[in-house]
Amino acid sequence: MKLDIVSIFPEYFAPLEISLLGKARRAGLLDVAVHDLRQWAHDRHRTVDDTPYGGGPGMVMKPEPWGAALDAVAPGPELPRLVVPTPSGRPFTQATAAELAGEPWLLFACGRYEGIDSRVVADAATRMRVDEVSLGDFVLAGGEVAVLVMVEAIGRLLPGVLGNAESVADDSFAPGSMESLLEGPVYTKPPVWRDRAVPDVLLSGHHGAIARWRRDEALRRTARHRPELLARLDRDGLDARDRAV
Ligand SMILES: NC(=O)c1ccno1
């Protein structure tokens, strides 16, 4: 997968050199290029923002540098999918990560200040698919941290990136049996720690009982932390045994 990221703070993406994603890049599974938006701002001060039309606080990112940046990074004919993190976007979920992980090329645009002039997305949408996505109902100072989160959520789904591909299947929200469910508790050695013992079933070696226990715990945790997800499951995802939990 090819990733391009445009930002006024390219140094934000140093973490993409380390750990899982750093290894994926060195293995050739991920090709990441980070671009400084200011290289497309040609005035003396490399200005990328200005006051908002209609008044109001803060500044808006100017369309000219962004238009030039997107044209330069994605000149065509092949085009990426443009992903723009914004509080006013559609929810970015595990399903979104899985969908974007299937793309050959993603281009992330990191807004700052009050956002990017809306004509930039409108113009880009005439050439490429654009997804304005939100990580949640909160506001960041810019899109960079959101892009780091999305790149990790997407990158770990790429074949070969995770040591054990099976661990993806057991994730919270993973398509299939875990869709709309939160992962239950996990344990490792020692079997007893500060007088707290690991549940006996996990030491039993009985795979059927262990799978059942894990689903029961996932249902309990989902009911406690995200009851609205269970309502989604209730229609067709719960069997009689599940309902007994
Ligand atoms: N909620 C978000 O995804 C976001 C992106 C930028 N600021 O907030």
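**Notebook: ring pairs and salt bridges**

I started with Y187, which comes out partly exposed at a relative accessible area of 43%. For the record, buried means under 20% relative accessible area, exposed means over 50%, and partly exposed is what lies in between (1.4 Å probe, protein chains only).

A note on what I'm looking at: this is a predicted model, where local features need pLDDT of at least 70 and side-chain atom pairs count only at pLDDT 80 or more, while totals for chains, interfaces and linings use all residues. Residues are numbered from 1 along each chain as its sequence is written, and side-chain values use heavy atoms, with hydrogens and water left out.

**Rings**

I looked up aromatic pairs and got two for the structure. In one of them, Y187 and W213 have ring centres 6.4 Å apart and planes at 50°, so I noted the pair as tilted. The rule I used: rings of Phe, Tyr and Trp (its six-membered ring) pair if their centres lie within 6.5 Å; planes under 30 degrees apart are stacked, over 60 edge-to-face, and the rest tilted. Y187 sits in the loop between α6 (166–169) and β8 (192–193), and W213 is in helix α7 (residues 207–225), so the pair links distant parts of the chain, 26 residues apart. Helices (H or I, at least four residues) and strands (E, at least two) are DSSP runs, numbered from the N terminus. W213 is buried, with 16% relative accessibility.

**Salt bridges**

Next I searched the whole structure for salt bridges and found 16. Each needs a side-chain nitrogen of Lys or Arg within 4 Å of a carboxyl oxygen of Asp or Glu.

R212 is partly exposed at 21%, whereas D216 is buried at 7%.

Then I looked at R127 and D71, whose side chains meet at 3.2 Å, N to O. R127 lies in the loop between α4 (118–124) and β7 (130–134), D71 in helix α2 (residues 63–73), and 56 residues separate them. Both are partly exposed: R127 at 30%, D71 at 40%.

How far apart are R90 and D131, N to O? I got 2.9 Å for this salt bridge. R90 is in strand β5 (residues 81–91) and D131 in strand β7, so the bridge ties together parts 41 residues apart in sequence. R90 is partly exposed at 34%, but D131 is buried at 4%.

Last entry: R90 and D131 also belong to a network of salt bridges with R81, E99, E103 and R129.
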